[in-house]
Amino acid sequence: MSRPTGRLALLALIGVQVGMTTATGMADPPPPNTTASARSKPPATAIDKQLFSGRVVLLREALRRRGVKTSSDFDKQVVLESLSGELIPIIPDWRGRAFYQDKRLRNRRVDLVGFRRRGIPYLQVLMVFTVDKRKNKEIRRYFDYWCDICSIPMYEVKMCECCQGPIRMRFQPRALPSYLKKPPAGTRPAPALPTKAATEN
Ligand SMILES: [Zn+2]
């Protein structure tokens, strides 16, 4: 009686492991969209990474400045207010969540590498750069959180995943990724057209 049960348990275990492997595999790069509509498109245009420049602010505050009254239901929502004044809500995922948690990241010039999926107004952030003026020069630095004891980066505010100690903000000089087609920010606002690659002839 115990044998078939054991075999069943083993099968169940294998099933769980297969499921786990798949889940882990999907956690690393943004999961490829496998819906029928996405499959017909070339993968290169499925996710068009762009530079989004501006300041991350609370949505209510940005709307208030535009004369739009909202209720407290919007209290937590943060948006990128682009250099051209567009409000782009940020998805609170592994990278974007820090803007919800950490007000030190808000109301300051940032360059965000990210993308928007077709039909979704929200920005998915992949890399965060801060832009500070020093002696009339713009200094762009890559941002993440860092544990000095364990030497590991993290992307949201929490105690260190390893030693449970405090982590700190880290700013490093770093160039923008070369896959961006846009010229380095500054005066040029990111156009934020989700279908830029497709509309460009
Ligand atoms: Zn640590």
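**View 1. Surroundings of Leu59 in the predicted model.** With 19 C-beta neighbours inside 10 Å, Leu59 counts as partly exposed, a class lying between buried (20 or more other C-beta atoms within 10 Å of the residue's own) and exposed (12 or fewer), with C-beta atoms placed from the backbone. Leu59 is found in helix H4, residues 59–65, where helices (H or I, at least four residues) and strands (E, at least two) are DSSP runs numbered from the N terminus. Leaving aside neighbours within four places in sequence, Leu59 is in contact with Phe74, Gln77, Val78, Val79, Leu87 and Pro89, a contact being a pair of C-beta atoms, placed from the backbone, that lie within 7 Å. Leu59 and Leu87 are 28 residues apart in sequence, and their C-alpha atoms are 7.9 Å apart in space. This is a predicted model, in which local features need pLDDT of at least 70 and side-chain atom pairs count only at pLDDT 80 or more, whereas totals for chains, interfaces and linings use all residues. Residues are numbered from 1 along each chain as its sequence is written.

**View 2. Strand E2 and its two pairing partners.** E1 and E2 pair in the antiparallel sense over five bridges, and Gly54 stands opposite Ser82 in E2; two strands pair if DSSP finds at least two bridges between them. E2 also pairs with strand E3 (residues 87–89) in the antiparallel sense, over three bridges, with Pro89 in E3 as the bridge partner of Val79. E2 and E3 form a hairpin with four residues between them, and Gly85 in the turn has a positive phi of about 95°. Four of the five residues of E2 are buried.

**View 3. The largest nonpolar core.** Of the 18 residues in this core, Val56, Val78, Leu80, Ile90, Leu112, Leu123 and Val128 touch the most other members; such a core is a set of buried Ala, Val, Leu, Ile, Met, Phe, Trp, Tyr and Cys residues joined through C-beta atoms within 7 Å. At least two core residues each come from E1 (50–58), E2 (78–82), helix H5 (97–101), E4 (109–115) and E5 (124–134), and the largest share, four residues, is that of E1. Not counting residues up to four places away in sequence, Val128 touches Arg95, Val110, Leu112 and Phe143.

**View 4. Confidence along the chain.** The protein chain averages a pLDDT (the predictor's confidence in each residue, from 0 to 100) of 80, and 67% of the residues score at least 70. Over residues 10–34 the pLDDT is below 50, and this stretch has six contacts beyond near neighbours in sequence. Where pLDDT is low, the predicted coordinates should not be read in detail.

Terms used
Two residues are in contact if their C-beta atoms, placed from the backbone, lie within 7 Å.
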